[in-house]
Amino acid sequence: MATPAESAERFEVAGVKVDAISLRETVDRIDHWIRDGRREYVVLTGAHGVVEMQTDPELRAINNRAALTTPDGMPLVWLGRARGHAIERVYGPDIMNLEFSLSVQRGHKHRIGAGQCLRRRAQHGGVQRRHVAADQQGMPTAGQAPRQCP
């Protein structure tokens, strides 16, 4: 039986599973997994991802096995709403900002394990400045410059 933190509905778009979920429900579900010691992964996808998955069955399988696939784009949100789902756009930086803002009271630690370019963008985009109390590991120091960032 699904817990309240796992009650979002899932719908398919051209064989790609997407969760009908809100930002707060996403962060609450992640919190539930952390408290239960579960190791899960989240995929954020939009219309472009759905198109790419039409010719990449391995990528589609990875998406469809994810514990959560968020609608990171308005076309998926509009489609979900047209199908009767209560859904909102769940954008990656919004997930990070809300999770980091709640992490101190929830006791979460974060490891930003993406490439140097993404870590640098997160640092310079204010994630580290806005959430200085959050326990963030893996963020480069101001003097570190990633190689070949676009």
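## Notes on a predicted protein chain

1. **The overall layout.** Follow the chain along its sequence and you get the pattern β-β-α-β-α-α-β-α-α-β-α-α-β.

2. **Before you read on.** This is a predicted model, in which local features need pLDDT of at least 70, side-chain atom pairs count only at pLDDT 80 or more, and totals for chains, interfaces and linings use all residues. Residues are numbered from 1 along each chain as its sequence is written, and side-chain values use heavy atoms, with hydrogens and water left out.

3. Of the 150 residues in the protein chain, 39% count as buried. Buried means under 20% relative accessible area, exposed over 50%, and partly exposed in between (1.4 Å probe, protein chains only). The accessible surface of the protein chain is about 8,800 Å², and carbon and sulfur atoms account for 52% of that. Such areas come from the Shrake-Rupley method with a 1.4 Å probe; for residues, only the protein chains shown count as cover.

4. **Who touches whom.** Take the contacts in the protein chain between residues at least 6 apart in sequence: 65% of them join residues at least 24 apart. A contact here means heavy atoms within 4.5 Å.

5. **Helix 1 against helix 5.** Helix 1 (residues 23–36) and helix 5 (residues 92–106) pack at an angle of about 45°, their axes 10 Å apart. The axes are lines fitted to C-alpha atoms, for helices over the stretch in contact, and angles run from 0 to 180 degrees between N-to-C directions. Helix 1 and helix 5 are therefore oblique to each other: angles under 35 degrees count as roughly parallel, over 145 as roughly antiparallel, 65 to 115 as roughly perpendicular, and the rest as oblique. On the helix 1 side, the contact residues include Leu-23, Val-27 and Ile-30; on the helix 5 side, Ile-95, Leu-98 and Leu-102 are among them. Sort the residues of this contact and you find six nonpolar, one polar and six charged. For that sorting, Ala, Val, Leu, Ile, Met, Phe, Trp, Tyr, Cys and Pro count as nonpolar, Asp, Glu, Lys and Arg as charged, and the others, Gly among them, as polar.

6. **Asp-31.** This residue sits in helix 1, and it counts as buried because its relative accessibility is 8%. Neighbours up to four places away in sequence aside, Asp-31 touches Arg-106 and His-108.

7. **Asp-19.** Look in strand 2 for this one. Asp-19 is buried, at 3% relative accessibility. Setting aside residues within four places in sequence, its contacts include Arg-10, Arg-29, Thr-69 and Ile-87. Asp-19 and Ile-87 are 68 residues apart along the chain, yet their C-alpha atoms are separated by 8.3 Å.

8. **Gly-80.** You'll find Gly-80 in helix 4 (residues 74–82). With a relative accessible area of 0%, Gly-80 is buried. Apart from neighbours within four places in sequence, Gly-80 is in contact with Phe-11, His-85 and Ile-87.

9. **Two loop residues.** Ser-22 belongs to the loop between strand 2 and helix 1, and at 16% relative accessible area Ser-22 is buried too. Ala-14 is in the loop between strand 1 (9–13) and strand 2 (16–20). Its phi is near 50°, a positive value in a residue other than glycine. Most residues other than glycine have a negative phi.

Notes:
Helices (H or I, at least four residues) and strands (E, at least two) are DSSP runs, numbered from the N terminus.
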